[in-house]
Amino acid sequence: MESTRNYFHLHLISDSTGETLIAAGRAAAAQFQSSQALEHVYPLVRNRKQLMPVLDAIDGAPGIVLYTVVDRELSEIIDQRCREMGVPCVSVLEPVIDLFQSYLGAPSRRRVGAQHAMNAEYFARIDALNFTMDHDDGQLPADLEEAHVILVGISRTSKTPTSIYLANRGIKTANVPIVLGVPLPERLSAAVKPLIVGLIATTDRIAQVRQNRVLGQTQDFRGDDYIDRAQISEELKYARALCARHNWPIIDVTRRSIEETAAAIVALRPKLR
């Protein structure tokens, strides 16, 4: 029998983009498999006029309230109104800020959206994203040496989404497809500076993902070999052999999320330097 799932309202109030809250809320909600959060995201709430309709919406659909609002006056209004409504609320950043203040012995400057400041790190991320999009799926192999990370793997091993995720962390990432019997670009084999990582998955997993892709193709698309498990097994064998020949580490993405795969790649960088 299918288990009954309970639904609850999760209100996320932010004076910035809300990314921090969304990540925190989803990470917490994922621990309660029998319950499903109905997210209500309120970004860029920076004054009383913007806050009041948000509080009215919470009153109409009570649930858990998480917020990241650095303005003390607005924070106090949220706390007070939630108490009056009998709704639990938590400032996600406040305990962290308090800890930093205690350890560093200095008060925070409480700047709205400070984590999104257009500093050198911000422009490094933009540069990494541009590089990654230009070097997707084996494009522009001539300057692969400029990459921080190069991902190789057969079709449907999450190379592109993982590359984009890494780029969002400021890591210039290229990805090169491994095709059965087709030599790799010479610049890839000769690359010295980038960390080169092979991505693989189980035959069943790749066949399943490829099947979904085939269903979205036009009538003229012939995908028999593309989804054939014997063919996929040969492709994986070929990919493993290439990685072993070049001593490239391999990550199995079968049961990993994009975030987990990226974290494993980041962890490899200092180890191999």
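**Sheet and helix packing in the predicted model**

Helix H1 (residues 19–29) lies across strand S1 (6–14), S2 and S3, at about 155° to S1. Helix H2 (residues 48–60) likewise lies across S1, S2 and S3, and runs at about 170° to S1. Helices (H or I, at least four residues) and strands (E, at least two) are DSSP runs numbered from the N terminus; axes are lines fitted to C-alpha atoms, for helices over the stretch in contact, with angles from 0 to 180 degrees between N-to-C directions. The model is predicted, with local features requiring pLDDT of at least 70 and side-chain atom pairs counted only at pLDDT 80 or more, whereas totals for chains, interfaces and linings use all residues. Residues are numbered from 1 along each chain as its sequence is written, and side-chain values use heavy atoms, without hydrogens and water.

The four strands form an open sheet in the order S2-S1-S3-S4, with parallel pairing (pairing requires at least two DSSP bridges between two strands). S2 (35–42) and S4 (89–91) each have a single partner strand and stand at the edges, so one side of each lacks a neighbour in the sheet. The twist averages 20° from one strand to the next. S3 (residues 63–68) and S4 run parallel and are joined by three bridges; Val65 stands opposite Cys89 in S4.

Helices H5 (residues 120–134) and H6 (residues 159–167) pack at an angle of about 160°, their axes 8 Å apart. H5 and H6 are therefore roughly antiparallel (angles over 145 degrees). Arg125, Ala128, Leu129, Thr132 and Met133 of H5 make the contact with Ser163, Ile164 and Ala167 of H6 (heavy atoms within 4.5 Å).

Notes
Parallel < 35°, antiparallel > 145°, perpendicular 65-115°, else oblique.
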